[in-house]
Amino acid sequence: MQADQEQEILRAATRLVHGELVAFPTETVYGLGADAENPQAVAKIYQAKGRPSNHPVIVHVAPDADLSYWATDIPEEAHQLIKAFWPGPLTLILQRASHIPDTVSGGQSSVGIRCPSHPVAQALLRQFARLKPSGQGGVAAPSANKFGQVSPTLAEHVISEFPEEVAKGMPVLEGGAANIGIESTIVDLSRIGQGVGAVLLRPGHVSASQIGQVLGYAPKLPDSHAPRASGTLKAHYAPRTPLMLVSAQELAAGKLQHRVPAGKKWAVCVFDAGQQPHTEGIDWFEVSNEPVQYAHDLYAFLRRVDQLGYQRICIQSLPEDQRWEAVNDRLQRAAAAFPR
Ligand code: TXA
Ligand code: MG
């Protein structure tokens with residue numbers, strides 16, 4: 001790490017200690033962080049995002065953090081998953097330690113914890129922990145976007161979304177394009193003690209089958225007793241331009257152009273833009289036909305197309321395949337914000 005970057009990280013960690021916000025990169029998406037043990041600081045996250053204050057946020061910790069400082073009744077499953085996937089794009093929901101403020105847990109008895117692999121995130125978390133009297137530092141951070149909007153995968157996304165905070169001196173640590181591009185997988189282990197096994201609250205880069213292999217059983221899908229997760233609201237992750245999924249059959253039938261109102265333009269995203277005929281009212285965009293690359297590109301792509309003034313964004317439906325589960329989840333939610 002270069003000296004000026006180290007200086008910037010020290011400045012950011014110092015601001016966290018003083019109860020201010022800091023935006024930082026992770027391998028999934030950029031986060032908007034505050035000292036997890038300072039309820040006033042965490043309240044600033046909700047205020048900046050315009051997010052309802054009963055939604056819990058994830059606590060980010062450094063690789064050498066003491067998990068028992070943050071969580072209690074830690075089940076064996078947690079240790080197994082941590083060994084397999086940390087540092088990395090996996091958040092675990094555990095029973096919270098009593099000093100964790102209600103603003104972090106959304107008033108629930110659980111806490112979400114994640115150890116990111118991004119070197120800048122780790123450097124920030126280590127530096128912050130060093131500055132805390134207890135030697136333990138956790139950074140509460142949701143994705144650094146306004147509530148319900150597309151998550152940021154570049155520092156410039158954060159800067160454009162929070163101009164007021166940046167003008168007031170909020171650091172936005174530079175970390176390049178987020179490697180993974182979609183939010184972490186969330187697994188709830190908080191009810192293991194009550195005989196409820198692992199529950200997959202949000203699919204992500206770490207897949208349900210990988211988790212199943214480690215645990216020896218497939219994680220369940222949430223029931224009505226599972227803890228709330230805002231990323232699991234039906235309409236979420238949406239661009240401003242109405243977004244709609246279209247099947248390959250619908251595209252092949254060539255009917256889409258008849259639906260474009262006169263004088264309007266639709267952006268249509270397909271796996272093979274080069275094969276598409278020139279069509280009045282439609283601009284074709286090509287998206288990757290490989291799920292990991294697709295996830296990496298998705299949010300930056302949506303933000304870019306969102307600014308081009310199309311009346312609608314149409315996206316070719318994804319294969320109904322386990323490998324596509326996480327991006328499928330995000331696209332379904334984005335489309336749900338705009339009923340057809
Ligand atoms: O990849 C990520 O997870 C990114 C980066 C910044 O780490 N963060 C992120 O945060 O996506 P956010 O707040 O946008 O989504 C976190 C999700 C929300 O759906 C929240 O409800 C859920 O985690 N969550 C956090 N703590 C929870 C808890 N105690 N119980 C249930 N869900 C929880
Ligand atoms: Mg989010």
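**Entry: α12 and α13**

I began with helix α12, residues 291–306, and helix α13, residues 325–336, in this predicted model. I found that they pack at an angle of about 35 degrees, with axes 9 Å apart. I noted the crossing of α12 and α13 as left-handed. Then I asked myself which residues make the contact. From α12 I listed Pro-291, Tyr-294, Ala-295 and Leu-298, and from α13 Ala-326, Val-327 and Arg-330. Sorted by class, this contact of α12 with α13 has six nonpolar residues, no polar ones and one charged.

**Entry: α4 and α9**

Next I looked up another helix pair. Helix α4 covers residues 76–85 and helix α9 covers residues 208–215. Their axes are 10 Å apart, and the packing angle is about 120 degrees. The crossing of α4 and α9 is right-handed. On the α4 side I found Glu-77, Gln-80, Leu-81 and Ala-84 in the contact; on the α9 side I found Ile-211, Val-214 and Leu-215. By class, I have five nonpolar residues, one polar and one charged for the contact of α4 with α9.

**Entry: around α4**

I located Asp-73 in the loop between β4, residues 71–72, and α4. I then turned to the loop between α4 and β5, residues 90–96, where Pro-87 has its place. Trp-86 and Pro-87 are joined by a cis peptide bond, and I noted omega at about -10 degrees.

**Entry: the two domains**

Now I stepped back to the whole chain. I have domain 1 at 3–232 and domain 2 at 243–336. How far apart are the centres of domain 1 and domain 2? Taken over C-alpha atoms, the centres are separated by 30 Å. I also looked up where the domains touch: 15 residues of domain 1 are in contact with 14 residues of domain 2. The side of domain 1 that touches domain 2 has six nonpolar residues, nine polar and no charged ones.

**Entry: the UniProt record**

Last, I opened the record. In an unreviewed entry, UniProt places the feature "domain: YrdC-like" at residues 6–206. I checked this span in the model: residues 6–206 are 33% helix and 17% strand. The end C-alpha atoms of the span lie 30 Å apart.

Key:
Residues numbered from 1 in each chain as written. Chains lettered and ligands numbered in written order. Predicted model: local features only at pLDDT ≥ 70, side-chain atom pairs only at ≥ 80, totals over all residues. Domains from an automatic or database assignment. Contact = placed C-beta atoms within 7 Å. Nonpolar A, V, L, I, M, F, W, Y, C, P; charged D, E, K, R; others polar. Axes fitted to C-alpha atoms, helices over the stretch in contact; angles between N-to-C directions. Helix = DSSP H or I, 4+ residues; strand = E, 2+ residues; numbered from the N terminus. Left-handed = near helix turned anticlockwise from the far one by under 90°. UniProt positions renumbered as here; feature names shortened; annotations may be inferred.
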